[in-house]
Amino acid sequence: MIDRYILRQLLVAAAIGLALLIFAIWLTQSLRFIEVLTKSQAGAGALFMLVFLAMPELIGSVLPYAVGGAALFVYALLAGNAEIVVMRAAGRGPFALARPAIVLALVVLVAHMALNLLAIPVARGEFRDLRLRIETEFAAAVLREGTFNDIEDGLTVYVRERRQDGTMGGILVHDTRDPEQDVSILAERGELVSGEGGPEILLSEGSLQTRETGAETPDILYYDSYTFALDLGGNPLRTWREPDERFIGDLLSPSDADQLDADAIRHLQAWGHQRLSTPLLSLAFVSLVVGALFFGQTNRRGQTGRMIVAVGGMITLQAAMILFFSLAAEASVAAAGLYAAPGLAIVGGLAAMILPARTRRSPRAGEEVPAPA
């Protein structure tokens with residue numbers, strides 16, 4: 001009965017904390033998509049799909065904090081209302097009181113691992129594909145017919161006509177972004193397509209003129225088909241899958257290792273170890289909370305200091321995880337720290353909660369036993 005009572009409060013607090021954290025993070029990240037969505041033909045449906053595809057990664061990033069924060073809030077509230085003191089007086093030990101939080105942390109650990117190993121790489125791949133399609137639609141809205149469209153400084157595109165089938169006729173591209181040469185491209189027709197790094201124009205039946213700095217005449221190349229990439233936001237050309245799009249096997253042992261240098265391989269492996277170790281944070285945070293709040297005798301006084309210790313422990317652990325991830329990208333042996341840091345927090349927190357109760361001196365014969373605090 002008491003376990004269900006505590007667990008119910010933990011679930012409510014964790015759900016509220018998770019929702020608030022997700023909303024706050026998404027609010028800061030969604031602003032960069034609003035302008036593109038409003039200018040493209042994607043509409044509100046694309047925004048909702050982006051939100052849906054971003055959810056696995058957002059949930060995974062805030063789950064440990066929601067669970068740790070819920071444990072800290074609920075147990076501090078119970079202690080402030082003297083409920084913990086009453087439960088201890090009724091014979092429930094520290095581990096019995098912490099059991100609901102530990103069970104919740106273990107369930108969250110399994111769910112977080114499932115997100116990291118399956119849901120996040122699938123969702124991030126779909127998220128990237130959808131974003132490229134939206135950028136292509138944005139490019140279609142930007143390229144107005146009969147107008148010299150300034151895509152960015154040094155890049156101008158002219159389209160004579162837009163046809164009902166989505167193709168364009170009479171295209172001129174003038175690119176002066178490279179200080180060493182000017183490029184002019186003419187094409188009879190073209191079509192916007194999604195490329196690896198964003199929207200591209202697939203040009204047909206035209207010529208490409210290149211004039212080097214100081215040259216009197218340009219070099220001219222006639223082509224049947226030519227692809228020109230449009231840079232709409234400064235996004236770099238990505239010809240490989242990002243770490244968050246890869247499954248765990250492709251991070252620890254990259255399938256394209258022959259095309260990568262040693263630094264890139266270590267970076268991917270560091271991502272893999274981080275994806276395996278971060279679910280341990282839920283149990284580690286809960287262990288730090290119950291270890292700080294249930295250390296020694298429990299009473300209504302001194303809860304503020306215990307809460308500060310718990311929060312400080314969680315901040316220190318998170319800083320250690322960030323440090324070991326950075327070190328693992330430089331030296332693979334440092335990846336062990338990603339597992340050792342939460343492991344030590346789990347052992348230390350549980351030990352701080354249990355050991356004092358076991359090492360208390362048993363009362364001698366005839367000695368008065370003090371009433372529970």
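**Note on the predicted model: helix packing, charges and backbone**

1. Start with the contact between helix 7 and helix 9. On the helix 7 side, the residues are Arg-266, Ala-270, Trp-271, Gln-274 and Ser-277. They meet Met-321, Phe-325 and Ala-328 of helix 9. The structure is a predicted model, and every point below should be read that way.

2. Next, the geometry of that pair. The axes of helix 7 and helix 9 lie 8 Å apart, and the packing angle is about 150 degrees. Angles over 145 degrees count as roughly antiparallel. Helix 7 and helix 9 are therefore roughly antiparallel to each other. Their crossing is right-handed.

3. Helix 8 also packs on helix 9. Helix 8 covers residues 280–293 and helix 9 covers residues 303–328. Their axes come within 8 Å and cross at roughly 155 degrees. That makes helix 8 roughly antiparallel to helix 9. The crossing of helix 8 and helix 9 is right-handed.

4. The residues in the helix 8 and helix 9 contact can be listed. Helix 8 supplies Leu-281, Ala-284, Phe-285, Leu-288, Val-289, Ala-292 and Leu-293. Helix 9 supplies Gln-303, Arg-306, Met-307, Val-309, Ala-310, Gly-313, Met-314, Leu-317, Gln-318 and Met-321. Note Met-321: this helix 9 residue is listed in the contact with helix 8, and it is listed in the contact with helix 7 as well.

5. Arg-275 deserves a look. It sits in helix 7, which spans residues 262–277. Which side chain of opposite charge is nearest to Arg-275? That is Asp-244, 6.1 Å away. A salt bridge needs a nitrogen and a carboxyl oxygen within 4 Å. Arg-275 has no salt bridge, although it is buried.

6. What surrounds Arg-275? Leaving out residues up to four places away in sequence, Arg-275 touches Met-113, Asn-116, Pro-121, Pro-243, Asp-244, Arg-246, Phe-247, Ile-248 and Leu-251. Asp-244 is thus among the contacts of Arg-275, yet the two do not form a salt bridge, as Arg-275 has none. Another arginine, Arg-246, is also on the contact list.

7. Arg-246 does have a salt bridge. Its side chain meets that of Asp-250 at 3.5 Å, N to O. Are these two residues buried or exposed? Both Arg-246 and Asp-250 are buried. Elsewhere, salt bridges with shared partners join Asp-3, Arg-92 and Arg-99 into one network.

8. Glu-161 takes part in two of the listed pairs. With Arg-160 it forms a salt bridge at 3.7 Å, N to O. With Arg-163 it forms a salt bridge at 3.4 Å, N to O. Glu-161 is partly exposed, with a relative accessible area of 30%. Arg-160 is partly exposed at 46%. Arg-163 is partly exposed at 34%. How many salt bridges does the structure hold? The total is eleven.

9. Two backbone entries are worth checking by eye. Ala-82 is not a glycine, yet it has a positive phi of about 65 degrees. Ala-82 is in the loop between helix 3 (44–80) and helix 4 (83–89). At 18% relative accessibility, Ala-82 counts as buried, because the limit for buried is under 20%.

10. Glu-205 lies in strand 5, residues 199–212. At 40% relative accessibility, Glu-205 counts as partly exposed.

11. Ile-16 and Ala-70 are 54 residues apart in sequence. In space, their C-alpha atoms are 8.8 Å apart. Ile-16 counts as partly exposed, at 49% relative accessibility.

12. Last, the whole chain. The protein chain has ten helices and six strands. Of its 373 residues, 43% are buried. Consider the contacts with a separation of 6 or more: 63% of them join residues 24 or more positions apart.

Notes
Residues numbered from 1 in each chain as written. Predicted model: local features only at pLDDT ≥ 70, side-chain atom pairs only at ≥ 80, totals over all residues. Heavy atoms only, no water. Helix = DSSP H or I, 4+ residues; strand = E, 2+ residues; numbered from the N terminus. Buried < 20%, exposed > 50% of the residue type's maximum accessible area, 1.4 Å probe, protein only. Lys, Arg positive; Asp, Glu negative; His and termini not counted. Contact = heavy atoms within 4.5 Å. Axes fitted to C-alpha atoms, helices over the stretch in contact; angles between N-to-C directions. Parallel < 35°, antiparallel > 145°, perpendicular 65-115°, else oblique. Left-handed = near helix turned anticlockwise from the far one by under 90°.
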